[in-house]
Structure formats: structure tokens, C-alpha cells
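Have the model open as you read.

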Amino acid sequence: MIDPKAKPVPTAAYTAFHAHGYHSSGFTRGPWSPDHQHGGPPIALVCRAVEQVAREHGLTHIARLTANLLRPVPIGDLIVEVMTDYVGRSAGHFSAHLMAGDKDVARFTALAQRESHLDLPDALPGHPLPRAPRDPQASAGVRFPATSDQPGYPDLMEIRVARGEFFKGPCAVWLRLKYPLVDGETPSGYQRVAVAADSGNGVSAILDFGRYIFVNSDLTINLLRRPVGEWICVEARTHLGPDGGGLAESSLYDLGGLIGRATQSLSVRPRPA
């Protein structure tokens, strides 16, 4: 029997209500609070806006995206603004604000490049580039442990483990969006990377989630080429310092092999009793 009081299941992470404004759905809910978003969806939303502005200048490769997460992103209406800082012949620099109400919740910088075909010499050192440990078809499907009975990021993503085990050190997982990022749109490869890359801290966690909080306040993604396909592999490792700091670093892959790296700075503290 259908519960008449149950809220309808979302159809996307976001729904646009004007050119720069978006309603957030429950699919964006993160693990730290039922009222706050996981970092991946809003970072991908800003990536989408940067792509649109960069494309107007003929710059079609997002080589770097850095997110500075100033405060938790609420599950509510968001505004995205992108500024063009400088555009040259081969590359352009952009910055962006993500706002909830009258507050900046995140700020971004990005580097976009002009794409052109290049014939590379044979037998380059370190090439061909490495591939993910295992393809998604040969990887076991899992689900992020849910921290709420409400829809959240675990419902937005399909996840398969290629190496290791969740929350037990170095781990490689394939992630795929099961629903659109923005309602009515097919997400780009860059958006798929952005929504997945912020999971590195979680999949490679080495502390007990019930006893510690280990939040990242930033994410930097560097990509050497355009991502292809629906599946993105995040091969992550967490390093902790003795004074409450840490670093999660990830190698990023699509089915064709290595596409880039991601890093997250961690703030680690005991969970309040």
C-alpha cells in the first residue's frame, strides 16, 4: 500500500527555476546532517555552470576545478554565479559563487582549455596510462551506508567496488549517476567526475564514522583529458596527521584509463558524545 503521506521520490538532484537558480532535492543529502548536502552534487552543479560559460569562449576542456566549501550547503534553493577572470588563446580562468539565500556557501576557481588534436610520439615513459583495478561490470555492487531514512546521495549514485572495502583504508569504487544532475538534462563527463570525486574521503576512510568526524572543506580536481562514459572510478587513499589535519587523494579513471587526480583537505575531530 502506498503511504499517502510519503513524499514523492525525486527525479533529479536539482530542478532549475531560472537561469541561475535551482531547487535541491533530497538526493543531494549528505552523511553529516539530514539538512545539508553531500559535497558532490553542488560541486557538479557549479561545474555545469562553468562549462556553459567557458564554452562561449571556445574552451571545452575543464582542466581544473577547485571548490572551497565555506559552510554546509543546505538542502534548499541555490544560486550559481560564474565570472570570467581572464581568457587567452589557449586557456581561460573562471571563478564562481554558490549562494543559499544571501550567504556564500562555496567559492570556486576553474581552468578551462581549448581542445585540439595532438599526435603524440610512440613509447612515451609512463604510457599507456594506467587503468582502474577492475571494470565496473566485474566489480561488486554496494550501497553507501545510509545515515537517514530519507532519500540521499546513496540513492543518487550506483556504486561498485573495484578494490578494497568501504571505510577500511585504500579503496577503488566505480560511481554512476542513476538520475540526472539537473532535471531534463544528460550530465556531461565533467559533471559526472565532480559528483563522484568528493566521495574519496568517504570511501577510503580509516576512522570509525561513529566516533569521528572527518570533513573536507575543499576539493581540487585536475583532469588531463575529457572524461568519457557514465562510469567514473575513484581510487582513494586517506592520510592523517597528528594535529587534526588530513588529506584524501584520489586517482580518477573512466573506462579508457586514467583521467586525472583529486585531493581533499580534511579536518578531523572526535564526534561529540
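Sort the lining of the largest pocket by class and you get 19 nonpolar, 15 polar and 7 charged residues. Keep in mind that this is a predicted model.

**The largest pocket**

- Its volume comes out at about 820 Å³.
- A total of 41 residues line this pocket, and the closest to its centre are Gly30, Pro31, Trp32, Gln37 and His38.
- Which element supplies the largest share of the lining? That would be β10, with 4 residues.

**The second largest pocket**

- This one has a volume of about 410 Å³.
- Its lining is made up of 14 residues, and if you want to find the centre, look for Ser116, Leu118, Leu120, Leu224 and Arg225, which are the closest to it.
- By class, the lining of the second largest pocket splits into 5 nonpolar, 5 polar and 4 charged residues.

**The loop between β6 and β7**

- Go to the loop between β6 (103–113) and β7 (140–142) and you'll find Pro128.
- The peptide bond joining His127 and Pro128 is cis, with omega at about 0 degrees.
- Ala123 also has its place in the loop between β6 and β7.
- Ala123 isn't a glycine, yet its phi is positive, at about 55 degrees.
- Is Ala123 buried or exposed? It counts as exposed, because its relative accessibility is 79% and the cut-off for exposed is over 50%.

**The loop between β8 and β9**

- Phe167 is another residue with a positive phi, about 60 degrees, despite not being a glycine.
- You'll find Phe167 in the loop that runs between β8 (157–163) and β9 (171–177).
- With a relative accessibility of 29%, Phe167 counts as partly exposed, since that class sits between the 20% cut-off for buried and the 50% cut-off for exposed.

**What to click on**

- For the backbone, go to the cis bond between His127 and Pro128, then to the positive phi at Ala123 and the one at Phe167.

Methods: Residues are numbered from 1 along each chain as its sequence is written. This is a predicted model: local features need pLDDT of at least 70, side-chain atom pairs count only at pLDDT 80 or more; totals for chains, interfaces and linings use all residues. Side-chain values use heavy atoms; hydrogens and water are left out. Helices (H or I, at least four residues) and strands (E, at least two) are DSSP runs, numbered from the N terminus. Buried means under 20% relative accessible area, exposed over 50%, partly exposed in between (1.4 Å probe, protein chains only). On a 1 Å grid over the protein atoms alone, a cavity is a set of points where a 1.4 Å probe fits but cannot get out, and a pocket is an open set with protein on both sides within 12 Å along at least five of seven lines; lining residues have an atom within 4 Å of a point. Grid points are joined across faces, edges and corners, and a volume is the space filled by probe spheres set on the points. Ala, Val, Leu, Ile, Met, Phe, Trp, Tyr, Cys and Pro count as nonpolar, Asp, Glu, Lys and Arg as charged, and the others, Gly among them, as polar.
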